[in-house]
Amino acid sequence: MTVTETKQPPMTAPRAPVSPGSESPGRPETIGQVDYRPDIDGLRAIAVLAVIGFHAFPAWIRGGFVGVDVFFVISGYLISTILLTGMERGSFRFSQFYIRRIRRIFPALIVVLLACMVAGWLVLFSFEYKALGKHVAGSAAFVSNFVLWNEAGYFDKAAETKPLLHIWSLGIEEQFYIVWPLLLYLTWRFRTGTLALLLLLLLGSFVLNVRAAGIDPTADFFSPLTRFWELMAGAVLAYLSLYPAVLQWISRRPSPKAFSWLGAAGASYPTANDVKAICGLLLVVTAVLVIDGSKGYPGWWALLPVAGTYLMIAAGPNTWIGNRLLATKMLVAVGLISYPLYLWHWPLLSFIRIVNGTAPSAAAATLAILLSFALAWLTYLLVEKPLRFGKSAPVKAAALLAVMAAIGLAGYVTYAKGGFAFRNPGAEDLVAAAQDYEHSEGLTLGNPDAPVTILVGDSTMGQYIPRVRKLIEQSTVDLGRSRIVFDLEGACPPIPDIASDQIRGCAQFVDKVLPTLDGEKIKTVALAAWWTPEFTDTRYYLRSDPSKVLLRDSEAAQDRALDNFAALISHLVGAGKRVFVLLETPSSNIYDPETLMPTGWRRLLARPKIPESPTRAQMEKFVGKISDKIQRVAEAAGARVIKPLDYLCDSEFCPIADKDGHFIYYNYGHLRQSYVRDHATYIDQIFQPDVDHALPIDGSSAR
């Protein structure tokens, strides 16, 4: 969500300009005249309603998130109009600009951040409140997009459980307005290449966006560099609307009608403007209906909402779409509160999701949206208007800045203090288990000239790092005489030729790592993955298969993958390597501490109810078919197979907690760090050259 400086009727100030028609390329005809456009408030309303619809009813409005892109274009247009107008008049001051930004942005955001902190104190467990504190600090500093970008990954918490997830777009916008006024001022000051700068920044950012979409979709989504082009599109439109003769002067062929589609046409071309507005609306609607989360967004797809918004604004206020739809009283009223409405709606939906432990029902989502409208109106009337308008602007801005800094500090302290665990006395171990994991993308320890033991796989291999550290502390592993390497890629089984369009790094990982395992210094190789889900649920295929048949859809495709795995093992064994294959640990949602958390608004006062552990028969059935195949082909190829179920389960059950009542698991399929450190003894044999095959223990460490 983005916000702009526009004041609302009947106020007079920063508003969209009427289209000038000067013949001179140097000055706009109506640079001093800035008229309010109710159709832009209506466009804001459509954008925020699309976003809210997506968040509340994602199965029905799958592309509603493009509303944020609509806001970016609107913001770039209106703010750039203000900047250009002020610079042309000679009245622009950086201090005044940022004072106005603070008065526009801070009041509603402060209220929402405070409300989230208070609500979180009452209903969030410490690990949840710790995360909220980090997001409050990031939101207050307008770097939320970087915080979320840094969190993204295999173990990232569900987006629905982050009440301030939506503030990322505000971070993008404010980062833009830190650099954009200065760049524009410098080019304006020296009267050189303003339009060239606009187009260069737009094109450069767009190219980065398209490139990142195919390489790093997370970076493409959250990076300001790949999003600035959307605001620049609005800035280009602002410039061309104020200086339409520039294009005529450049081409030396005056043809106002030919340039009307770029935003330079005035009231003289009503039919063209109507067509432009209709085309723009169709592009935005198409984006909402066609785009979904699988499309690699923004990328090329973002052209739909960006171009559509550009055309609707460029068409001007006096079109059929503008007058009959966008400028209607209902949409204009929603547009007036679009900023606080955007801020309120997502925290309400997210807190319902957290407290109930499941997605809001249609009825609950509807009530949350109605409440967000009410809170938005109250925020607009009681907070925004008094602080945004009126006298004493510098004093108000300074006070708002101080309050925002205090909120950011409070969020950081909450994060640093671990979310104040004393608030949830009934669930200490459950809360501890939900945070007890060492995330790692790889690890290298020991003497670079010593024999190497390399452990390759996904996060199910990475979970054993704490045990290796314990072995090092006990001197069971001597780093002076050995080298330990963990080579990891989340959700990526170490099978040659495998790939996934959703997990783009997997193919590069197996191509980079697997061919090096027969290196001379490598003496022991251990391979692990969450085999069953990656063969039966995840969208993996073999690149040598031109039809890209998914493993989950074809037993023949699974068998070909297993043949590749067996060939890898045979090659390594033939090269004199000791090869271990680790099968998966027990996995089920019933192991996940977060699913065991008490629900309801009094959840902090309730004690968790521990369900009965899954039976060993149930777990064997879940992992049996794939694990049996993995074990069979691995042993046939010469590998030594370690089966964690033999250690983590007894003859009847695969326990949720150990004999002392402490939870064993960090989530649905990964052991908690403290348990691995002391009890995952079954991997010790990997580091003991004299051990032949693993023998299961009696399961006494887990009850």
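**Close-ups of a predicted model**

**View 1. A disulfide joins Cys 492 to Cys 506, with the two sulfurs 2.0 Å apart.** Keep in mind here, and in every view that follows, that this is a predicted model. The torsion about the S-S bond of Cys 492 and Cys 506 is about 75°, so this disulfide is right-handed. Cys 492 lies in the loop between strand 3 (483-488) and strand 4 (498-500), while Cys 506 belongs to helix 21 (residues 505-513), so the pair ties together parts that are 14 residues apart in sequence. And are these two cysteines buried or exposed? Both Cys 492 and Cys 506 are buried.

**View 2. Here Cys 649 and Cys 654 are linked by a disulfide, S to S 2.0 Å.** Cys 649 is buried, and so is Cys 654. The count for the model comes to 2 disulfides. If you number the bonded cysteines along the chain, the pattern reads 1-2, 3-4.

**View 3. Two other cysteines to look up are Cys 116 and Cys 279.** Cys 116 counts as buried because its relative accessibility is 2%, under the 20% cut-off. Cys 279 has a relative accessible area of 30%, so it's partly exposed.

**View 4. Trp 168 and Phe 222 make an edge-to-face pair.** The model has 33 aromatic pairs. In the pair of Trp 168 and Phe 222, the ring centres are 5.9 Å apart and the planes sit at 85°, so it counts as edge-to-face, for which the angle has to be over 60 degrees. Trp 168 is in helix 6 (residues 168-189) and Phe 222 in helix 8 (residues 217-222), so the pair ties together parts that are 54 residues apart in sequence. Both Trp 168 and Phe 222 are buried.

**View 5. One aromatic cluster brings together Phe 92, Phe 94, Phe 97, Tyr 98, Phe 176, Tyr 177, Trp 180, Tyr 185 and Phe 228.** If you're tracing the cluster by eye, Trp 180 is one of its members.

**View 6. Charged ends sit over rings at Phe 221 and Trp 301.** Arg 227 has its charged end over the ring of Phe 221, 4.7 Å from the ring's centre. For Lys 295, the charged end sits over the ring of Trp 301, at 5.6 Å from the centre.

**View 7. A nonpolar patch on the surface is formed by Val 118, Trp 121, Leu 122 and Phe 422.** Together these residues have about 440 Å² of accessible area. Leu 122 is part of helix 3 (residues 94-123). With a relative accessible area of 55%, Leu 122 is exposed.

Note on methods:
Residues numbered from 1 in each chain as written. Predicted model: local features only at pLDDT ≥ 70, side-chain atom pairs only at ≥ 80, totals over all residues. Heavy atoms only, no water. Patch = residues over 30% accessible without salt bridge, like charges linked within 9 Å, V, L, I, M, F, W, Y side chains within 5 Å. Areas by Shrake-Rupley, 256 points an atom, 1.4 Å probe, with all protein chains shown as cover. Salt bridge = Lys/Arg side-chain N within 4 Å of Asp/Glu carboxyl O. Helix = DSSP H or I, 4+ residues; strand = E, 2+ residues; numbered from the N terminus. Buried < 20%, exposed > 50% of the residue type's maximum accessible area, 1.4 Å probe, protein only. Phe/Tyr/Trp six-rings, centres within 6.5 Å; stacked < 30°, edge-to-face > 60°. Lys NZ or Arg CZ within 6 Å of the ring centre and 35° of its normal. Disulfide = S-S within 2.5 Å.
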